[in-house]
Amino acid sequence: PILQIIAASKGIPMNEYLMRTVARIFAFLKQQGAETGLAMLGPLSAILIAMAANPSNPVFNHNLFEAVASIVKVCVPTQPDTVENTLLPPFGQILERNVVDFLPYTFQIMGLLLDASPSVKPLYTQLFARLLTPELWRAQANVPGLIRLLRAYFTKHACFAELLRSNMQAILERFQFVLMNRKTEVAALDLLNAMYQYLPIEFYQQFLKTLITVLLTRLQSSKSPKFKRDFVVSCSLCIHKNQSVIALFNEIQAGLLSNLLLNVWPAVLKMPLRTDERKVCVMALAKLFSVEELRQNTQLVGACSLGLIHLLGLASSGKTKQNGEEGSDEELENGAGQEYEVSFNKLRNTDLPGAAAGLAPDVPDLHSAAKASLKPLGPVLLQLAAATPELQPLAVFLQ
């Protein structure tokens, strides 16, 4: 009945509360609403096409796509082909007609569809070149959706190997373009993280030194604590996934890695971080400490070990946040200069169920993984802890 009211242009025109109700119903029902949700996608697609002709109410449009996304998230794991067959035609029309207001949402939901698709439809291959056109990336609202969709291509790299390899330079040019804009610089690191997490290193290895150099240049000019935090998390993810990249830092500049670990890492390790971010930071430090030169630098080991105590929740005060998911992002992101447009266009339901492991699905238990990987640091830490009582909790943890 809700959709019939909207489709018939009855009741309150473009009533966003009705769309919000649909989204919340399926967010609550989850898999129990799959059969009903599948039946609702057709009418919702018709509403999408009708609204695309004159997208005059941004709040209604946002909630319309939120409703579609909530149903897709419920239905796509079991009926991916049916969901795609229903939504790809209207999405194709939105892309063809370049409905600017709808593009950010369309990219996000297409990313979810591609993630779940057992067989890659021709539309995704045909669309790829257009996703890299500079005009799309100049619209800040498009950036999160474009990155979400590229992430889906990365997860399906076996299907898109040639396409991705031949366009890697263009992808990284878009990364640099987004990085150079203060309002989107953090999104650039989301793109890098997706690349590190889902692509084999062979796809981008030849560009890594240039990538790191570009990031370091931006780090020097950026005054954003959040960018510094995301820089450390991103580098940690890269090192965790590919230990061989450690050598690249000192190839760029002798002593660079020691300098970063002394002057950038410690402050970030004490910031509020999500659980998956803490995992990659701990595992990366374990790999960094396997390098003899770094392990023998007692000042560096001491500074980073205090960060490890915070990340592992070993501080006796009990004030360490163990679940950075609660509020930590908002504390850092909702400061001065935060753009309404970008956050407004971000949908909540664009990841498959089970995606909560985030950056570190390979580290189910942080404490056991940390204890095993940091064990070689034990002797050095025991010596340091004798002179620096603050390091005692980590020394005890590793025994």
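Tutor: Let's start with the overall make-up: the protein has 25 helices and 0 strands. Helices (H or I, at least four residues) and strands (E, at least two) are DSSP runs, numbered from the N terminus. This is a predicted model, where local features need pLDDT of at least 70, side-chain atom pairs count only at pLDDT 80 or more, and totals for chains, interfaces and linings use all residues. Residues are numbered from 1 along each chain as its sequence is written, and side-chain values use heavy atoms, with hydrogens and water left out.

Student: Thanks! What share of the residues is buried?

Tutor: Of the 399 residues in the protein, 52% are buried. Buried means under 20% relative accessible area, exposed over 50%, and partly exposed in between (1.4 Å probe, protein chains only).

Student: Which residues form a nonpolar patch on the surface?

Tutor: Ile25, Phe28 and Leu29 do, with about 300 Å² of accessible area together. Patches are made of residues with over 30% relative accessible area and no salt bridge; like charges are joined within 9 Å, and nonpolar side chains (Val, Leu, Ile, Met, Phe, Trp, Tyr) within 5 Å.

Student: Where is Phe28?

Tutor: Phe28 sits in helix α2, residues 16-29. With a relative accessible area of 70%, Phe28 is exposed.

Student: You mentioned salt bridges. How many are there in the whole structure?

Tutor: A search finds 13. A salt bridge here is a side-chain nitrogen of Lys or Arg within 4 Å of a carboxyl oxygen of Asp or Glu. One of them joins Glu84 to Lys121, with the closest N and O atoms 2.7 Å apart.

Student: Where do Glu84 and Lys121 lie?

Tutor: Glu84 is in helix α5 (residues 80-96) and Lys121 is in the loop between α6 (103-116) and α7 (122-131), so the pair ties together parts that are 37 residues apart in sequence.

Student: Buried or exposed, that Glu84?

Tutor: Glu84 is buried, at 0% relative accessibility. Lys121 is buried as well, with a relative accessible area of 17%.

Student: What does Arg229 pair with?

Tutor: Arg229 meets Asp230 in a salt bridge of 3.1 Å, N to O. Arg229 also forms a salt bridge with Glu277, where the closest N and O atoms are 3.7 Å apart. Arg229 lies in helix α14 (residues 225-241) and Glu277 in helix α18 (residues 275-288), so that pair ties together parts 48 residues apart in sequence.

Student: Which residues make up the network around them?

Tutor: Salt bridges that share partners join Lys226, Arg229, Asp230, Arg274, Asp276 and Glu277 into one network. Arg229 is buried at 2%, and Glu277 is buried at 3%.

Student: New topic: how many disulfides turn up?

Tutor: The search finds 0, a disulfide being a pair of cysteine sulfur atoms within 2.5 Å. For Cys281, the nearest cysteine sulfur is that of Cys235, 9.9 Å away. Cys281 is buried, with a relative accessible area of 0%.

Terms used: Accessible areas come from the Shrake-Rupley method with a 1.4 Å probe; for residues, only the protein chains shown count as cover.
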